[in-house]
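This briefing is meant for a reader who is meeting the structure for the first time. It takes up confidence, then the contact between the chains, and then a sheet.

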Amino acid sequence: MGKLVLYRLGFAIPQLLVVSVVVFSLTYLVPGSPAAAILGVSATPESIALVEEQLGLNRPAGERLLEWFGGLVQGDLGTAYRSGLPVTEMLAQRIPATLSMILGGMVVAIVIGVGVGVYTGTRPGTKADRLLTGGTVLGIAIPEFWLGILLTTVFAAQLGWLPIIGWVPFTVDPWGWFVGLILPSLTLGITGGAIIARQTRASMVRALAAPYTDTLTAAGVPRWKILYQYGVKNAMVPVLASIGVVFAILIGVSFVIEKVFSFPGLGSLMLTSTIGQDFPVVQGVVLFTATLVIAVNLLIDILYGLINPQARPA
Amino acid sequence: MTTSTVGPAAASAPAARQASGPAQAWRRLRHQPVTLAAVITIAIIIVIAAAAPLIAPYDAGETDFTSVLAGPSADHLLGTDDFGHDILSQLIYAARTALIVGVGSVLVAMLIGVPMGLILGYKGGWYDRLGSRVMDIADAMPGIMIGFVVIAILGRGTLILIFAIGLIFSMNFARMVRAITLTERKKLYVESAHVTGLRNRQIVFGQVLPNLVGPLAVQGAVFLGNAIKVEAALSFLGLGLPDDQPSWGGMLRTAAEHQVDHPWMALPPGIAIVITVLALNLLGDGINDALSGARTSRKQRKRALHQAPTLAEVEEAKRAVSSVVTTPVAVAPALAQALVTTDKHPDTVLAVRDIHIVADRPDGEVVPLVSSLDLTVGRGEVMGLLGESGSGKSMLAKSILGLLPAGVRVESGSVELAGEELVGRTERQWREIRGKKLGVVFQNPQANLSPVHTVGRQLIDPLRIHHGMSKAVARDQAADLLDMVGVKDAAKRLDDYPHQFSGGMAQRVAIAIALAGDPDVLILDEATSALDVTTQSQVLDLVLDLREKLGMAVINITHDLGVAAEACDRVAIMYHGQLLEVNDVFSLFDEPHHPYTKALLASHPTADHKVDRLPTIADFVTADGEWIAR
């Protein structure tokens, strides 16, 4: 176990380093200078030079990279161009809402995905399979933000069962937090669930077509045991990978549907910073998201090694 | 082999496959109603987008301030938005936007991804390591985030939007192209193309690219759908197209603002997106199925239901059916039956009587796989079932086990095991038989065991089921069983996984699993065929030992004359679903009766007579289904 974790960390840490260098160098891709972008049409060469001086943009790249890493180690992501607030502080305010939404979405996606996938994968070709698998095709095609608009229109605006504006911090009111998360989680979870369901169904069918199924059947092991103990564990190996993919997708989707549910998460921060070309904030959000994705994939890789003995380091 | 003979043949091979590939794919495509519907839907959307100015009742930017936020009416079929835009017209013009941005970004994605994948897959080495790192980073980034970053850096605009969305999907194309290039590069024809002196560029464009066309079409359709979704999401957030350009996402942005007072506004653009994306995804699935030929007819699927078939079974049945179909069997039974000599055994444990096994083809034709076959096996006897592939010997074994693949069934006849009828049992009734009275070992040693469960678990489960043992007792028993089949350090190895066993050892484990319920009959279905010769004899010796020790009968199915001679008491010869001859092993090898048996024995290479060419067997059945006497 310890060996497995170390082995996987050996992959994750270099990836994280490369990502942070890439994120750092984003500002160098801006045509002209970020200072010009901030000043907009009123920019003069003098004012651009002044702003560059203030923001330290005119110093050598190597020096700035070292400073960037030095800051990272201490949890300092710099200062926002527009508000002048520390980026770390701005992120910290937004992270609870985003994480809550993603957590809810992942729970819905995994429950729906694995449930539907195992159910349909064990009875391929039946009416129930065709209906549910058709549902997953639809689930993948629906734009999540539109689904969010429909759900809020029906359950919040028309029926009034759930609040339209969802976010209540857990620390303020746990029940309100939960109720507010219902619609966002469903919206997020349906697409992810459809992706996981398709993967689960396919790997379930494949697992049950493997020769060992015949070996166990012929040895007298009852079908339910083969399906739900042997089949499911074999099927979970590729399903875990799809859960990792879905996690990254869900973060992106959560950024869009925040607007539908008026959630004060990273998405709205990213949106305003993108429009305002506030690069330190954009860099902060990207770095945080990438770290989160890499961390979750690390966790999944470790789980993968636990399930699949062939993926363990020798 | 010389280069001069390999070169041209190899170069022409992919060309020939390309010629038949798309034609065949198109034939299959026509039989997929869902795909056809998707194609028609997409065609309609394209026509609407192209002819927008002719179809749309109002101009794209035309506003009607007398009618703002109005519901559907004769003037405005889908109502109007907050600026008095006609929603139907907006919807039609937005289809244009969606297609332009979607197609444009897929092209950008291909332009970046395809060359990148080709280079990584073809060059390998440092290129590949560096490129794979880049793809890893892209993996850690939600797609839409890449869109945000590109727009933050470059600003808003149609071309920037197309570039941003293209960048999101480019890594997917790169990954796919890299994987395909890697496989293609390893294939023989590219290697031989190297030998004939084709230049790298010719190899990439002539050999690798044609193989990419299919997968690129599939991915292209699917990513076009995704790109339209991303475009809608970005326009919804106000990051996409300029506000004056109609887009489905932009329309939903307005709709969301009026969701409480004018909820209907969200429906038309949303439905338009769903239909478009759905049609593109279904088209992608359809092309994929048409290229791989995976889709079965509905009727086939329905039939498959009752037996809970597995894909491998279906494939196997298809192979079996096709091999029989090439030479239809309408054999004069008299000829075959006359030569069955010693079919009686004083202490019969298994009796197959007049069994007919047939396959139902999707077109309704019933194809015989095994016809009027009789066979008895005595207690403690090793019966060899010898025949070419496609002779029906494995189907016979599967019918005895009740594991016939979907679409294959016992039409008539009976199988009696120790006085109990096996034909027509329900799944529940089979549980009394499988493991307890019948055990089986299949061909592939590694695949016979679940890769993610310990060997101990796979032994303990049947032991507990058959003997009602506690876990601890079953574990001891499992160790004893493993020890009995010759696995050293048995108790320790219970915690090992199948991949930690060699082929021969894994097959011993499979035998132990088959023996867990003390069966009366053990069936070896080509169980030693995948092993090397030394391991093969060791496993056969083990089986003979176990037969002595446990007194069970063994049915050893094989295509290998050596295996039949080495380890069988009696041998039955099968050919084209018929039993030709049964005799004790010495008589059969010394004085074969049936002409086919004679030919079969003659074709076996031995050290005694040196010949230039090995004798081959011409087909004994004519195209008309008549036996040819030789």
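In this predicted model, chain B has a mean pLDDT of 78, and 79% of its residues reach 70 or more. For the model as a whole, the scores are ipTM 0.89 and pTM 0.80.

**Confidence along chain B**

- Over residues 1-19 of chain B the pLDDT stays under 50, and for this stretch the model has 18 contacts beyond four places in sequence.
- Residues 294-342 of chain B also have a pLDDT below 50, and beyond near neighbours in sequence the model gives this stretch 89 contacts.
- Where pLDDT is low, the predicted coordinates should not be read in detail.

**Where the chains meet**

- The contact between the chains involves 71 residues of chain B and 65 residues of chain A.
- On the side of chain B that touches chain A, the largest share comes from helix H6 of chain B (residues 143-154), which supplies eight residues.

**A helix pair across the two chains**

- Helix H1 of chain A (residues 2-25) packs with helix H5 of chain B (residues 125-139) at an angle of about 80°, and their axes are 10 Å apart.
- Angles of 65 to 115 degrees count as roughly perpendicular, and H1(A) and H5(B) are therefore roughly perpendicular to each other.
- From H1(A), the residues Gln15(A), Val18(A), Val19(A) and Val22(A) meet Arg133(B), Asp136(B) and Ile137(B) of H5(B).

**A sheet in chain B**

- Six strands of chain B form an open sheet with mixed pairing, in the order E6-E7-E8-E3-E9-E10.
- At the edges of the sheet are strand E6 (438-441) and strand E10 (578-584) of chain B, each of which pairs on one side only.
- On average, and with direction ignored, neighbouring strands of this sheet are turned by 15° against each other.
- Strand E7 (residues 521-525) and strand E8 (residues 553-558) of chain B run parallel and are joined by five bridges, and within this part of the sheet Leu522(B) has Val554(B) in E8(B) as its bridge partner.
- Helix H20 of chain B (residues 503-515) lies across E6 and E7 of chain B, and runs at about 165° to E6(B).

Key: Residues numbered from 1 in each chain as written. Chains lettered and ligands numbered in written order. Predicted model: local features only at pLDDT ≥ 70, side-chain atom pairs only at ≥ 80, totals over all residues. Contact = placed C-beta atoms within 7 Å. Helix = DSSP H or I, 4+ residues; strand = E, 2+ residues; numbered from the N terminus. Pairing = 2+ DSSP bridges. Axes fitted to C-alpha atoms, helices over the stretch in contact; angles between N-to-C directions. Parallel < 35°, antiparallel > 145°, perpendicular 65-115°, else oblique. pLDDT = per-residue confidence, 0-100.
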